[in-house]
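Please go through the following briefing on chain contacts and ligand surroundings with the structure open beside it.

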Amino acid sequence: MAKFKGAIVVDTEKCKGCGLCVVSCPTAVIELARGVNGKGYHYAHMANPDACIGCSSCGLVCPDTVITVYRAKAS
Amino acid sequence: MGDVRLMKGNEVIAEAAIRCGCDGYFGYPITPQSEIMETLMIRKPEDETGMVVLQAESEVAAINMVYGGASCGKKVMTSSSSPGISLKAEGITYLAGAELPALIVNIVRGGPGLGTIQPAQSDYFQAVKGGGHGDYKLIVLAPASVQEMNDFVDLGFELSFKYLNPAMILSDGVIGQMMEKVELSDYKPRWTDEEIEKISGSWATNGKKAGGERNISTSLDLDSAKQEVFNHKLQAKYRAMEENDVRFEKIACDDADYLFVAYGSSARICQKSVELAREKGIKVGLLRPITLFPYPTKQIQEMLGQVKGILSVEMSAGQMVEDVRLAVEGKVPVEHFGRYGGIIPTPEEVVEALEEKILGK
Amino acid sequence: MTATTEINNIISEENLVYKKTDVLLDNEMHYCPGCTHGVIHKVIAEVIEEMDIQDKTIGVSPVGCSVLAYNYLDIDWQQAAHGRAPALATATARLMPEKYVFTYQGDGDLASIGCAEIIHACNRGENIVVVFVNNAIYGMTGGQMAPTTLENQVTATSPYGRDCASTGAPMKISEMVSLLPGTRFVTRQSAETAGAVRKLKKAIRKGFENTREKKGLSFIEIVGTCSSGWKLSPTQSNEWMKENMFPYYPLGTLKDE
Ligand SMILES: Cc1ncc(C[n+]2csc(CCOP(=O)(O)OP(=O)(O)O)c2C)c(N)n1
Ligand code: SF4
Ligand code: SF4
């Protein structure tokens with residue numbers, strides 16, 4: 001069991017669906033949504049939230065800086 | 001009387017820059033104006049006033065250093081001669097487009113191309129009608145003496161900060177290389193950071209103040225509607241210059257039947273030609289534009305009821321004559337006389353040209 | 001506890017570990033999806049925030065896709081003519097020696113039209129930071145060949161692949177400027193993984209610290225992608241970059257004095 005539990009918040013309207021966060025995630029949390037945002041992009045979202053360890057990798061690589069990352073000690 | 005000396009025109013430009021509180025000079029050597037930077041290097045103003053002097057790798061770099069320095073709200077300048085000014089054209093239009101004050105000195109030599117190192121006035125179009133791309137104007141000052149080389153450095157900065165527009169001193173090798181008596185200006189200290197904040201705080205890129213607005217020095221606006229509005233603003237500024245800052249001198253005009261229009265070193269020659277012609281009984285006067293932009297159009301028009309013909313005398317194949325003709329609108333004959341390629345006309349030649357081209361009609 | 005309530009519990013101020021710095025404005029970036037420019041902007045903004053130099057930093061933006069960089073970083077900016085940013089930065093740094101001045105330039109801007117300006121600024125050792133984005137192509141004008149375009153790389157003006165016999169070899173600018181005594185710190189970084197972004201941030205921070213210590217010119221090249229120019233997806237672009245760019249433009253620090 002991971003020591004940390006994480007969560008991300010994607011500003012889905014500003015996401016450009018580039019997918020760089022998806023491949024950056026070491027625990028395969030993120031996927032691009034089937035639906036699209038107002039600009040027509042398949043935005044990123046947490047498809048597998050339980051796996052998130054709050055490592056910030058996605059936040060760091062996101063060119064549009066639309067991901068906020070949280071991390072708490074696993075209870 | 002202040003500090004009176006016998007000095008070369010080019011040296012005086014350097015001296016005047018130091019004394020008027022200039023913050024930075026960026027240049028590249030080219031004849032016949034290299035003494036400007038050489039004098040500055042000898043004078044070492046960095047030790048005296050803190051003024052930065054740098055020999056750039058090219059005229060392109062020099063004018064873009066001026067753009068950077070001007071963006072900081074500093075008094076910065078460059079100097080060059082014709083081929084170098086062509087290279088600076090890019091930076092000059094960027095300065096105009098970003099509404100930045102700066103002083104550019106052109107000690108004109110004959111062209112086109114590498115041409116000659118001898119004096120000429122064949123960069124009038126380049127200075128007054130553009131030179132770079134886009135609808136912009138420079139404030140153009142044409143000194144006719146070493147004294148005016150001194151005076152116009154300060155005046156150039158004053159006007160360029162008044163209008164937030166680059167100004168040019170358009171001179172030539174005659175005045176640049178000539179030794180003459182000059183009364184140098186008194187020293188003015190360089191502006192302090194607080195003074196710069198007061199004068200240029202609304203646009204100078206010297207660091208975003210905490211809680212304040214930031215400043216961006218740019219000539220870019222991709223929105224055409226906004227670009228047009230901005231161009232209207234520039235045009236209004238140019239009209240204001242025409243309204244308020246035309247400078248000229250009239251010599252022997254009161255009773256003149258004929259008129260020479262000439263600037264810079266040609267005006268000095270014409271002054272002698274006025275005397276020679278009057279000895280022959282030809283009543284000719286001289287109107288000397290001091291600002292080539294804004295141009296003394298009205299002042300020429302005011303002479304039209306009085307004079308029967310005008311000779312535009314320039315060391316070019318005929319450039320300023322177009323502005324004289326625009327002012328005159330065909331009401332009296334306007335002709336051009338010039339020597340070029342580095343040849344300076346004699347006062348006698350000018351009188352002969354007046355007789356032949358204007359009186360002969 | 002359901003998964004949603006658990007997530008909601010984690011998402012709270014005290015658990016925040018990564019968010020956009022305030023030095024980055026809220027304006028939506030005009031860059032293509034996945035463009036490296038965005039990551040580099042963010043990293044510069046974070047360094048400015050961490051060093052608390054927002055009021056002392058002046059950026060000089062180029063002509064290229066990042067011409068509008070001033071819309072994104074909340075600092076004073078100068079917008080330079082194509083290639084001339086180092087000249088602007090030279091005067092700015094000399095006239096205001098207590099400020100932090102950086103240029104931000106693409107490979108067309110820096111390595112082609114602005115080659116003279118950058119070489120001489122490096123040679124004079126101007127006290128500035130140069131951020132050089134090498135994406136091996138002209139992005140803004142629609143994907144033409146750059147001096148850094150790789151051999152055989154297809155671009156709009158090398159449609160059959162870059163022919164080095166006729167166009168010269170891709171220029172290794174970092175190697176070139178590292179030979180000049182005026183440069184103090186020359187490094188080549190990338191920004192495609194979290195680890196790379198962290199390293200890049202260290203490098204940019206070092207650059208600004210060099211400015212503070214008046215050490216001279218810090219040159220930071222970033223090998224990046226241009227998915228639009230390369231006609232690949234952002235993730236494919238990263239793969240292509242690793243396979244083709246990294247061997248020719250090896251990452252690492254060339255000089256640190
Ligand atoms: C004097 C001049 N020449 C050409 C251009 C056109 N131009 C604009 S951007 C650009 C190339 C930019 O490429 P690069 O520096 O690699 O930046 P990128 O767009 O890839 O980020 C060119 C040639 C210009 N604006 N000015
Ligand atoms: S990296 Fe950013 S812009 Fe790209 S898909 Fe992820 S959240 Fe969206
Ligand atoms: S064209 Fe290339 S460099 Fe320009 S924004 Fe798009 S991906 Fe970035």
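The points below treat the interface of two chains and then the surroundings of two ligands.

This is a predicted model, in which local features need pLDDT of at least 70 and side-chain atom pairs count only at pLDDT 80 or more, while totals for chains, interfaces and linings use all residues. Residues are numbered from 1 along each chain as its sequence is written, chains are lettered from A and ligands numbered from 1 in the order in which they are written, and side-chain values use heavy atoms, with hydrogens and water left out.

**Interface of chains C and A**

- Here 33 residues of chain C are in contact with 32 residues of chain A, where contact means heavy atoms within 4.5 Å.
- The two chains bury about 2,600 Å² between them, 65% of it on carbon and sulfur atoms, taking buried area as the accessible area (1.4 Å probe) that two parts lose on being put together, summed over both.
- Of the area that chain C buries against chain A, 21% is supplied by Ile10(C), Tyr18(C) and Glu28(C), more than by any other three residues.
- Glu28(C) also meets Lys39(A) in a side-chain salt bridge (2.9 Å, N to O), the rule being a side-chain nitrogen of Lys or Arg within 4 Å of a carboxyl oxygen of Asp or Glu.

**Ligand surroundings**

- Around ligand 2 (heavy atoms within 4 Å) the residues include Cys15(A), Cys18(A), Cys21(A) and Cys62(A).
- Around ligand 3 the residues include Cys32(C), Cys35(C), His37(C), Cys65(C) and Cys226(C).
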